[in-house]
Amino acid sequence: MLNFYGKTFTSRLLIGSALYPSPSIMQGAIRASGAGIVTVSLRREAAGGKTGDAFWSLIRELDVTVLPNTAGCRSVREAVTTAKLARELFGTSWIKLEVIADNDTLQPDVVGLVEAAGILIKDGFEVFPYCTEDLSVAMRLVDAGCKVVMPWAAPIGSAKGIINRDALKLLRDRLPDITLVVDAGLGAPSHAAQALELGYDAVLLNTAIAKAADPVAMANAFRLGVEAGRTAYEAGLMEARDFASPSTPVVGTPFWHAVS
Amino acid sequence: MRVTVNGEVREIVSESVDALLDELDYEGSHFAIALNYDVLPKSKWAETPLQAGDEIEIITPRQGG
């Protein structure tokens with residue numbers, strides 16, 4: 001079973017709560033996805049506003065585990081303070097840690113990320129770091145105490161799928177005891193299946209479901225893709241090869257005779 | 001006195017965070033507060049005095065990916 005810091009889950013899909021056409025479609029999509037973990041964020045509340053309360057009651061109705069993020073943070077200081085606010089607000093030591101380096105690609109600032117992860121782990125947080133697929137960064141995060149590492153497949157919201165398959169595979173091979181989640185950039189259920197086929201423990205996605213023409217149906221499609229990928233991984237995929245190999249027996253082929 | 005609330009400079013009369021939430025008509029119940037980049041736990045909202053120049057962030061749950 002999927003294990004995040006000692007807590008187990010049956011679904012290998014983590015889902016975001018943003019960008020849906022309506023609150024009821026958000027709830028429908030989250031239910032259809034089968035996800036047990038939903039990401040949320042923290043934002044300023046305008047004076048007199050009740051947006052936060054309204055959103056929070058929608059999430060509570062779903063009976064899911066929340067994973068707050070530090071989305072939008074561009075410095076270690078902002079990320080650490082946001083994580084502490086999240087702990088206060090949601091009563092959880094889990095944090096999806098994002099430190100963003102670049103506005104156009106939303107590329108993680110991996111240097112700041114490692115520093116922030118170290119600070120938060122010393123303070124008792126259980127960190128889910130959003131990182132690139134770089135092995136050296138992942139190893140630093142593990143050294144800092146992360147039991148979960150979440151490399152991107154492609155830039156957030158790009159729907160490109162897994163761009164650097166070999167690097168993701170290397171992470172899986174080199175970090176066998178770490179819970180690995182492909183986070184960001186997935187566009188289709190087949191992309192999610194590929195991540196699970198590589199041996200990734202789970203995927204986290206939002207835009208590909210929320211921006212589909214029918215988010216509830218797409219959430220179900222992703223649920224099936226994740227299940228297919230995991231089942232295939234457990235079944236043991238055959239290795240790819242360069243040449244054909246007949247699947248139909250050769251011996252006994254009509255009119256067959258050995259050629260020298 | 002003059003403080004900054006969610007990035008906006010405001011003139012307030014409140015002397016504590018509790019009172020400030022009332023003064024600014026916050027009605028919800030699910031907030032977290034940062035005072036000068038440090039989390040101010042709910043248990044300290046009433047007792048912590050506000051000072052001129054303080055930076056206060058009033059934060060609630062929101063959609064996220």
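This is a predicted model: local features need pLDDT of at least 70, side-chain atom pairs count only at pLDDT 80 or more; totals for chains, interfaces and linings use all residues.
Residues are numbered from 1 along each chain as its sequence is written, chains are lettered from A in the order in which they are written, and side-chain values use heavy atoms, with hydrogens and water left out.

**Entry 1: the strand pairing**

I looked up the rest of that pairing. E4(A) and E5(B), residues 55-63, run antiparallel over five bridges. Two strands pair if DSSP finds at least two bridges between them. Helices (H or I, at least four residues) and strands (E, at least two) are DSSP runs, numbered from the N terminus.

**Entry 2: the interface**

How many residues does each chain bring to the contact? Chain A gives 32 and chain B gives 28, contact meaning heavy atoms within 4.5 Å. The buried area between the two chains comes to about 2,600 Å², with 57% of it from carbon and sulfur atoms. That area is the accessible area (1.4 Å probe) that two parts lose on being put together, summed over both. On the chain A side, Arg44(A), Glu88(A) and Leu89(A) lose the most area to chain B, together 24% of what that side buries.

The rule finds three salt bridges across the interface, each a side-chain nitrogen of Lys or Arg within 4 Å of a carboxyl oxygen of Asp or Glu. One of them joins Lys50(A) to Glu27(B), with the closest N and O atoms 3.2 Å apart.

Which elements of chain A supply at least two residues each to the side that touches chain B? They are strand E4 (37-44), helix H2 (51-61) and helix H3 (76-90). H3(A) has the largest share, eight residues.

In H1(A), residues 23-33, I found Met26(A), Gln27(A), Ala29(A), Ile30(A), Ala32(A) and Ser33(A) buried, that is, under 20% relative accessible area, where over 50% is exposed and in between is partly exposed (1.4 Å probe, protein chains only). Their cover includes E3 (13-16), E4, H2, H8 (207-210) and H9 (215-235) of chain A. Gly34(A) follows H1(A) with a positive phi near 75°.

H7(A), residues 189-197, buries His191(A), Ala192(A), Ala193(A), Ala195(A) and Leu196(A). These pack against E9 (179-183), E10 (202-205) and H9 of chain A. Just after H7(A), Gly199(A) has a positive phi of about 100°.

Most residues other than glycine have a negative phi. Leu106(A) has a positive one, near 50°, in the loop between E6 (94-97) and H4 (110-122) of chain A. Leu106(A) is partly exposed, at 27% relative accessible area. Ala159(A) also has a positive phi, near 65°, and lies in the loop between E8 (148-151) and H6 (165-174) of chain A. Ala159(A) is partly exposed too, at 42%.
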